[in-house]
Amino acid sequence: MATQPPTYYNFNSRNTNIEEKIDMQKTLDDWLPITSSRNAKWWYSAFHNVTAMVGAGVLSLPYAMSKLGWGPGVTVLILSWIITLYTLWQMVEMHEMVPGRRFDRYHELGQYAFGEKLGLYIVVPQQLVVEIGVNIVYMITGGKSLQKFHKTVCSSSCKHIKLTFFIMIFASVHFVLSHLPTFNSITLVSLAAAIMSLSYSTIAWGASIHNGVIEDVQYGYKSKSKAGTTFNFLSALGDVAFAYAGHNVVMEIQATIPSTPDKPSKAPMWKGVIVAYIVVAFCYFPVALIGYWIFGNSVEDDIFFSLHKPNWLIAMANMFVVIHVIGSYQVYAMPVFDMIETLMVKKFNFQPSTMLRFVVRNVYVAFTMFVAITIPFFDGLLAFFGGFAFAPTTYFLPCIMWLAIYKPKRFSLSWFTNWICIVLGVALMILSPIGGLRSIIIKAKTYKFYS
């Protein structure tokens with residue numbers, strides 16, 4: 001459990017000397033959710049990474065395939081898996097590149113690579129967009145999955161309940177879980193979420209095979225115009241980028257693992273990452289390929305909406321999704337809590353306390369719930385956020401930091417591979433939000449807000 005500072009500290013006081021500020025920072029670190037507990041094992045890394053990565057994104061992969069087509073779709077899936085594993089390895093290596101120092105947060109690594117102020121300006125906005133965006137989308141996913149469960153179980157015998165209320169039900173869980181104090185304190189929640197992700201992914205492709213290839217299945221592009229096909233293709237790139245999002249919390253996950261000069265944290269962290277990526281491959285590729293094979297371009301943006309039988313299995317799978325996104329929400333919210341609580345203490349001189357934590361976290365959960373209720377456009381959000389923020393923090397920002405810090409020789413293998421990732425990542429960042437934004441606009445025009 002995190003220790004609570006016994007006294008009030010003013011980080012901005014001119015009367016505070018360097019030694020006192022060091023003591024204040026140490027006490028604050030012992031209270032903050034990321035750095036207060038460092039007793040995690042390698043398998044914590046495995047299921048935290050699975051929980052962070054496998055989520056709403058995997059359910060949309062067959063839909064992304066329907067907009068990409070067989071050739072481009074398979075290529076994008078494989079390239080994304082390889083590139084993101086490579087950039088994740090770089091982040092694990094850079095966590096303790098400076099002897100005696102750990103970069104416990106993504107922005108701390110960015111500050112070392114680009115400078116104190118520039119690093120913050122580059123990393124923090126992107127990381128916040130990703131983490132807050134994920135939490136909003138998971139609010140929507142949780143609500144939709146609860147609604148699907150209700151419809152499947154009750155069929156026509158139950159009264160229709162609006163999606164708004166299901167999102168509020170899902171959010172009510174987080175008004176409780178969000179008060180778990182540290183990253184390690186959500187370990188059991190994350191473990192349950194990781195198990196659920198593997199379970200519902202297996203159900204998704206298994207139930208698809210049981211359903212059988214639909215009659216008159218079509219694999220061609222759904223849009224009848226070239227412009228529509230192009231925009232759909234671009235938004236699908238964002239859907240895939242959204243599916244590989246674990247990098248935004250990887251430094252924070254590694255910060256919970258103990259480290260010594262003889263046994264640095266990168267060894268157990270990397271072991272966990274390998275296990276996680278094997279699980280990711282087992283979840284992503286069968287769901288994407290089998291889902292598209294069975295339903296073709298008529299597949300829904302959430303594959304479970306395309307599956308209707310057997311009822312008991314679809315209902316169970318939707319509850320698995322709910323449990324998983326509960327854990328995923330917490331994994332992505334914890335670094336946000338850490339940032340806000342740090343800001344409130346260091347910039348606004350609030351005392352680190354249970355009351356501060358209570359207010360900050362309740363307000364954050366309420367905010368994500370409100371936005372989710374207001375903008376329930378699932379696939380459009382995936383595509384937009386996937387390209388706008390996930391591509392930089394996942395596909396190429398780690399490569400830029402690697403080049404800035406290690407400075408490999410020009411045209412060496414490291415230099416070459418990193419520049420390939422940068423070029424592909426920048427293209428993804430520029431192109432996919434265009435399709436995602438168009439998708440949001442179309443959904444906004446046709447969506448019945450409180451359906």
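Mentor: We will go from the overall fold to single residues and pairs. This is a predicted model: local features need pLDDT of at least 70, side-chain atom pairs count only at pLDDT 80 or more, and totals for chains, interfaces and linings use all residues. Residues are numbered from 1 along each chain as its sequence is written, and side-chain values use heavy atoms, with hydrogens and water left out.

Trainee: How many helices and strands are there in the protein chain?

Mentor: Helices (H or I, at least four residues) and strands (E, at least two) are DSSP runs, numbered from the N terminus. Here the protein chain has 15 helices and zero strands.

Trainee: What share of the residues counts as buried?

Mentor: Buried means under 20% relative accessible area, exposed over 50%, and partly exposed in between (1.4 Å probe, protein chains only). Of the 451 residues in the protein chain, 56% are buried.

Trainee: How do I read a single helix?

Mentor: Compare its span with the expected one, which is 1.5 Å times one less than its number of residues. Take α2, residues 42-53: its twelve residues reach 17 Å from first C-alpha to last, close to the 16 Å expected. Next, check burial. Ten of the twelve residues of α2 are buried, so the helix is largely enclosed by the rest of the structure. Among them are Y44, F47, H48 and M53.

Trainee: What makes a salt bridge?

Mentor: Side chains of opposite charge can pair when their charged atoms come close. The rule asks for a side-chain nitrogen of Lys or Arg within 4 Å of a carboxyl oxygen of Asp or Glu. By this rule there are nine salt bridges.

Trainee: Which parts does the pair D104 and R38 tie together?

Mentor: Their side chains meet at 2.8 Å, N to O. D104 lies in the loop between α4 and α5, and R38 in the loop between α1 (18-29) and α2, so the pair ties together parts 66 residues apart in sequence. D104 is buried at 7% relative accessibility, while R38 is partly exposed at 30%.

Trainee: What about E341 and R357?

Mentor: Their closest N and O atoms are 3.6 Å apart. E341 belongs to helix α12 (residues 311-346) and R357 to helix α13 (residues 354-374), so the pair ties together parts 16 residues apart in sequence. E341 is buried at 0%, and R357 is buried at 9%. Salt bridges that share partners also join R105, E108 and D338 into one network.

Trainee: How many disulfides does the whole structure have?

Mentor: A disulfide is a pair of cysteine sulfur atoms within 2.5 Å. The search finds zero. C421 is in none; its nearest cysteine sulfur, that of C399, is 4.1 Å away. C421 counts as buried, at 5% relative accessibility.
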